[in-house]
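Subject: A structure for you to explore

Hi there,

Here is the structure I promised to pass on. Have a look around it first, and then read my notes below.

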Amino acid sequence: MKTVLHKAGTRGHANHGWLNSHHTFSFAGYQNPERMHFGVLRVLNDDQVDAGRGFGTHPHDNMEIISIPLEGDLEHKDSMGNAATIKEGDVQVMSAGTGIQHSEYNKNADKKVKFLQIWVFPNKRNVDPRYDQISIRDIAKKNAFYQVLSPNPDDDGVWIHQDAWFHLGSFDAGSTDSYSIKKEGNGVYAFILEGEVEINGQKLEKRDGFGLWETDTFDFKSLSDSRVLLMEVPMSLGSIGR
């Protein structure tokens with residue numbers, strides 16, 4: 001097994017006043033040649049947006065973009081005609097493909113919104129742009145990891161153009177679980193949303209990131225009440241569509 005540890009305090013940080021963002025991997029003004037990506041996982045931004053503020057209309061192409069709200073409501077509009085609000089308990093996905101434009105705003109005038117913005121390199125280029133969002137409340141489990149994203153439209157959660165699987169889990173202190181890699185050659189990047197946990201003996205705290213690869217499975221223990229996101233992705237950039 002190979003591993004990489006990214007402590008929360010080592011992330012890139014940009015505070016624009018209305019936007020307070022932490023970057024696990026190189027993004028915008030934060031450029032670290034040792035933190036460019038984890039396999040095909042390219043961006044993991046931990047964003048906090050002030051009330052009534054947001055990202056104006058901007059373009060994307062050939063990227064799978066996943067948004068996971070942690071607190072508050074995020075208003076989305078795009079060039080495909082979608083207008084929606086995502087909130088805690090939802091997962092949103094866009095396949096940018098041949099190109100889209102979209103905006104994201106904090107829908108509330110009286111509180112901040114916190115969300116994860118995640119970019120994954122696709123295994124197919126120039127696909128038709130696509131938007132989807134779901135509530136994960138009906139599939140959520142307690143003290144076990146549950147799937148919120150996969151390559152298969154018929155599976156639980158949203159789907160993307162990549163051999164990737166995302167799982168969320170909310171755990172009581174002392175509870176345990178294990179995870180088995182879905183596809184040979186994939187690795188898992190664990191991101192600790194809340195609490196303290198232990199993965200294969202490595203202690204991790206809130207907003208720490210921990211990557212594991214060249215393994216088939218790993219063990220998990222929650223040292224306190226916790227919430228964790230697991231992102232299984234191909235480690236080879238050869239899996240990116242050309």
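This is a predicted model: local features need pLDDT of at least 70, side-chain atom pairs count only at pLDDT 80 or more; totals for chains, interfaces and linings use all residues.

Phe-145 belongs to the loop between strand E12 (130–135) and strand E13 (146–150), while Phe-171 is in strand E15 (residues 165–171), so the pair ties together parts that are 26 residues apart in sequence. Buried means under 20% relative accessible area. Phe-145 therefore counts as buried at 10%, and Phe-171 does so at 1%.

Find Trp-159, and you will see the charged end of Arg-130 over its ring, 3.7 Å from the centre.

Now for the backbone. Most residues other than glycine have a negative phi. Asn-126 is not a glycine, yet its phi is positive, at about 60 degrees. You will find Asn-126 in the loop between strand E11 (113–120) and E12, where it counts as partly exposed at 48% relative accessibility. Arg-207 also has a positive phi, near 70 degrees. Arg-207 lies in the loop between strand E19 (202–204) and strand E20 (209–213), and with a relative accessible area of 11% it is buried.

Enjoy exploring!

Best wishes

How values were computed
Residues are numbered from 1 along each chain as its sequence is written. Side-chain values use heavy atoms; hydrogens and water are left out. Helices (H or I, at least four residues) and strands (E, at least two) are DSSP runs, numbered from the N terminus. Buried means under 20% relative accessible area, exposed over 50%, partly exposed in between (1.4 Å probe, protein chains only). A charge sits over a ring if NZ of Lys or CZ of Arg is within 6 Å of the ring centre and within 35 degrees of the ring normal.
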